Structures are given as structure tokens and as C-alpha cells.
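I opened my notebook next to the viewer today. Here is what I looked up, entry by entry.

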Amino acid sequence: MTTPRSRGRSRTRVGPLAGIAGDAARLHIDALLDDPGTGIIVCCGSGGVGKTTTSAALALRAAERGRRVVVLTIDPARRLAQSMGIESLDNTPRPVAKVKKAKGGSLDAMMLDMKRTFDEVVEGGASPEKAQQILENPFYIALSSSFAGTQEYMAMEKLGQIHRQAQRDGSYDLIVVDTPPSRSALDFLDAPERLSSFLDGRFIRLLIAPARGPARLMTAGLGVITGALSKVLGAQFLRDMQTFVAALDTLFGGFRARAEKTFALLQADGTAFVVVAAPEPDALREAAYFVERLGEDRMPLAGLVVNRASPAPQGTLSADEAMAAAARLRRKTAGPKTAASAARTAGLLRLHADRTRLVEREARLRRRFTAAHPEVPTTVVPALSTDVHDLAGLRRIGELLAEG
Ligand SMILES: Nc1ncnc2c1ncn2[C@@H]1O[C@H](COP(=O)(O)OP(=O)(O)OP(=O)(O)O)[C@@H](O)[C@H]1O
Ligand SMILES: [Mg+2]
């Protein structure tokens with residue numbers, strides 16, 4: 001599924017702090033959304049950069065431009081979930097009310113229920129009796145609700161399910177996928193591999209050997225290991241794990257195969273990755289690694305969204321001019337009354353200078369990203385003055401995404 005990578009080498013080469021300045025091509029959001037060939041959009045990025053907001057905004061805009069859209073969100077903020085009518089977790093897409101349907105589009109939304117999705121996988125692949133056995137297994141319960149990577153794996157699983165359903169009944173022509181909150185954007189691609197390696201791995205195979213067949217398969221050495229493990233973990237735990245893994249293994253022919261299928265879907269032509277980043281060195285560096293990784297995994301990248309950019313201050317006064325004017329004011333004023341008003345004005349001038357410098361710094365970071373990755377089209381979304389928690393806010397973000 002994954003190829004050996006030379007991350008060490010690429011780390012020195014990419015990132016917003018490498019290369020020289022250059023201008024990014026614009027990411028044309030409306031062209032992407034309107035293209036009937038776009039079937040899946042995946043929004044990735046490091047923690048807290050605006051993946052969920054961007055996914056929901058893209059989905060709403062696409063729907064109001066005439067597409068039949070479903071958006072799969074992960075852990076949306078409560079108010080946003082409420083405004084989309086998806087605060088209850090039933091793990092099926094529901095129509096979002098108040099979407100403008102003049103152009104014939106529609107929007108369904110859902111919030112991923114990781115455990116429920118895992119349960120559905122089990123129920124869909126086993127006899128009711130066998131499924132029940134697995135669902136009640138304590139090891140399964142722990143794994144399905146808390147194993148690192150399960151959320152990423154289940155997001156992919158759900159995407160696969162929705163995609164199959166859409167192909168069968170034509171219910172949607174665009175699926176927008178949010179990705180789980182993780183420190184690194186790469187987790188989305190790495191976690192399923194980690195989980196399937198764990199489940200398919202040699203360690204587990206050794207453990208399940210006794211559950212699978214004749215005791216003669218077990219070497220004396222392995223017996224010692226298993227014995228030691230049952231002392232540490234408890235014999236019951238080990239038995240639970242053995243039965244659980246053996247059951248899953250026979251049911252699904254290996255988790256790796258499943259993950260590989262979804263990977264193939266992510267590599268398909270109709271898929272478009274949108275990488276979201278904050279205009280900060282860490283987030284942009286992370287975005288740069290992610291862009292490289294998509295290339296290595298042959299996954300189609302649509303472009304970069306730089307979200308929550310500082311809005312440019314009004315007027316043409318530069319930061320240096322504003323600071324110089326503030327200093328002049330401080331020197332020249334006489335008398336307490338004028339001094340107070342001059343101090344206020346000087347304060348405003350310094351604020352203007354700070355904001356101008358911030359905007360310049362962000363633009364510099366963006367240009368450095370572009371210099372290292374000139375092929376990545378980009379759109380910039382300014383920070384709104386409030387959180388985005390309703391359809392009006394999402395619509396506004398959609399407009400800003402399209403304006404670039
Ligand atoms: N352009 C913007 N202007 C103002 N607020 C924004 C903007 N984009 C996102 N936000 C706000 O920032 C917060 C984080 O956004 P969001 O939940 O979309 O990030 P995320 O990448 O999904 O986070 P996580 O990694 O935790 O899933 C939310 O409160 C959201 O309303
Ligand atoms: Mg999120």
C-alpha cells in the first residue's frame with residue numbers, strides 16, 4: 001500500500017522556509033466543485049486549521065451550485081453540528097435544511113460515529129450470531145472505541161460505504177470528506193496502515209495460532225511467550241484477543257486488503273485532496289510534507305487552502321511609516337490634553353504597523369511554500385471576526401474560498 005519513503009531527505013528540501021519567493025496559481029474552487037468529474041473531495045491538514053469548516057463550506061457551496069452532495073464530518077463543533085442538524089449520532093447522512101435548492105442540488109450531512117461504523121463492518125460481514133460474539137468481545141470494544149488510528153480507519157471505511165451506496169443508487173454525485181483531528185495531516189494516510197499492520201501483524205498471528213488450529217503448530221518457544229503474556233495481560237484477555245482477531249481475520253480476509261481498497265479509491269481520478277493550513281510556519285510545513293506524500297502515493301491534489309489569514313488593514317500606510325508617525329507624535333506633543341489624544345493615535349498607528357507586518361509575514365510564508373511547491377494552486381481565506389457556526393457563516397467561507 002505504501003512505498004518506502006525518504007522522508008529524511010524531503011524534510012530538508014521542502015517547507016515554507018525553503019526556496020525563494022514565487023506566486024502561486026489560484027485554486028479555482030468553483031471550477032473544482034462544478035466539474036462533474038469531481039466525485040470525492042478530501043479535506044486534510046494539521047489540527048485545528050479549519051478542515052471541518054472547509055469541508056462543510058465546500059459541500060454547501062457545491063450543493064447550492066447544483067451538485068447532489070453528502071458531507072462526512074468528524075467531530076464538528078457543537079453549534080455547527082446543530083446548525084446542520086447532525087448533532088445526533090446515527091451514522092447515516094441526513095438532509096440539511098435551509099440549503100438553497102434553486103439549481104437542483106441537495107446537501108446531506110453526517111457526523112462520523114467511529115464505534116458504530118466499526119460495528120457496521122462487523123454486522124455486514126458476519127452471521128448475526130458471530131457478529132454478536134465479536135461485538136461483545138472486550139478486546140473489540142476497546143479497539144473499536146479507542147485504538148489510535150481507528151478514527152482514521154473508520155473515516156475511510158465510511159467513505160467507502162457511502163461511495164458504494166452512491167454508485168448503486170445514484171444518491172450523490174459528490175462526497176466531501178473531513179478528516180479526524182490529529183496533530184499531523186499525515187496521520188490520515190498512515191493510521192489505517194498502522195491499524196492494519198497491527199491486526200495483520202506477526203505478533204497477532206503468533207497469538208492467534210493456538211486459536212486457529214492444532215496445538216502442534218505452536219512451538220515450545222511460542223508457548224513460553226504466550227504463557228508469559230497471559231501472566232502479564234491475564235489469560236482471559238489473551239483469549240478474548242485471540243478469538244476476536246481470529247474472527248475478524250476469517251471474516252474480512254485481512255484489514256490490509258480493506259484499507260488497500262479505500263486507498264485505491266483515494267487514488268482515483270475523481271478524487272481531489274484539498275490541503276488546509278493556517279498561515280503559520282508549522283502548519284505550512286506540515287502541508288508541504290503532506291503535498292509531497294500525496295505525490296508519492298499518487299493521490300490527486302487539488303490545491304492548498306490557507307485559512308484564517310489576517311485581513312489586510314485599510315489604507316496604504318506601510319508599517320514603517322506608521323511606526324515613524326507614532327514616534328513623531330510622541331516627540332512633538334505638548335500639554336496634557338493633546339498628549340492623551342496623541343497617545344491614542346500613536347497606539348492606533350502601532351496597531352496598524354503590527355497588523356501590516358503580520359500580513360506581510362504571512363504573505364512571505366505563503367510565497368516560500370509556493371517557491372518550494374510551485375505546482376500547488378492556492379486560495380486564501382481571511383479570518384472572520386467570529387467562529388463559523390451556521391449556514392450563513394459557511395456560505396461566507398464558501399464565497400471567500402471561491403474568491404481566493
Ligand atoms: N476563516 C475562519 N474565520 C474564523 N473562524 C474560523 C475560520 N475557519 C475556521 N474557523 C473556526 O476555527 C475553529 C476550528 O475550525 P475547525 O473545527 O474547522 O478546524 P479543524 O481543522 O476541523 O479542527 P480539528 O483538527 O480539531 O478537527 C472553529 O471554531 C471554526 O469556527
Ligand atoms: Mg475538525
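I began with Arg350, which I found in helix α16 (residues 336-372). Helices here are DSSP runs of H or I with at least four residues, strands are runs of E with at least two, and both are numbered from the N terminus. The model is a predicted one, where local features need pLDDT of at least 70 and side-chain atom pairs count only at pLDDT 80 or more, while totals for chains, interfaces and linings use all residues. Residues are numbered from 1 along each chain as its sequence is written, chains are lettered from A and ligands numbered from 1 in the order in which they are written, and side-chain values use heavy atoms, with hydrogens and water left out.

Setting aside neighbours within four places in sequence, I listed Met323, Ala326 and Arg330 as the contacts of Arg350 (contact means heavy atoms within 4.5 Å). Met323 is 27 residues from Arg350 in sequence, yet their C-alpha atoms are 5.9 Å apart.

Next I went to Ala268, in the loop between α13 (255-267) and β6 (271-277). Ala268 is partly exposed too, because its relative accessibility is 31%. I also looked at Met299, which is 31 residues from Ala268 along the chain, with 7.4 Å between the C-alpha atoms.

Then the whole chain. I noted 17 helices and 8 strands, and 49% of the 404 residues count as buried. Of the contacts with a separation of 6 or more, 81% are between residues 24 or more positions apart.

Now the cores. A nonpolar core is a set of buried Ala, Val, Leu, Ile, Met, Phe, Trp, Tyr and Cys residues joined through side-chain atoms within 4.5 Å. The largest one has 99 residues, and Val274 and Leu394 are among those with the most contacts inside it. Helix α14 (residues 281-296) gives the most to this core, 8 residues. Another core lies apart from it, with 7 residues, including Ala322 and Ala326. Back at Val274, I saw that it touches Leu32, Ile41 and Leu58, among others, not counting residues up to four places away in sequence.

How do α3 and α17 cross? The axes of helix α3 (residues 51-64) and helix α17 (residues 391-403) come within 8 Å, at roughly 85 degrees. That makes α3 roughly perpendicular to α17 (65 to 115 degrees; under 35 is roughly parallel, over 145 roughly antiparallel, the rest oblique). Axes are lines fitted to C-alpha atoms, for helices over the stretch in contact, and angles run from 0 to 180 degrees between N-to-C directions. Among the residues making the contact I spotted Leu58 of α3 and Leu394 of α17.

Last, the rings. I counted 2 aromatic pairs (rings of Phe, Tyr and Trp, its six-membered ring, with centres within 6.5 Å; planes under 30 degrees apart are stacked, over 60 edge-to-face, the rest tilted). Phe118 and Tyr140 have ring centres 5.2 Å apart and planes at 75 degrees, so they are edge-to-face. Phe118 sits in helix α5 (residues 114-125) and Tyr140 in helix α7 (residues 138-146), 22 residues apart. Both Phe118 and Tyr140 are buried.

How values were computed: Buried means under 20% relative accessible area, exposed over 50%, partly exposed in between (1.4 Å probe, protein chains only).
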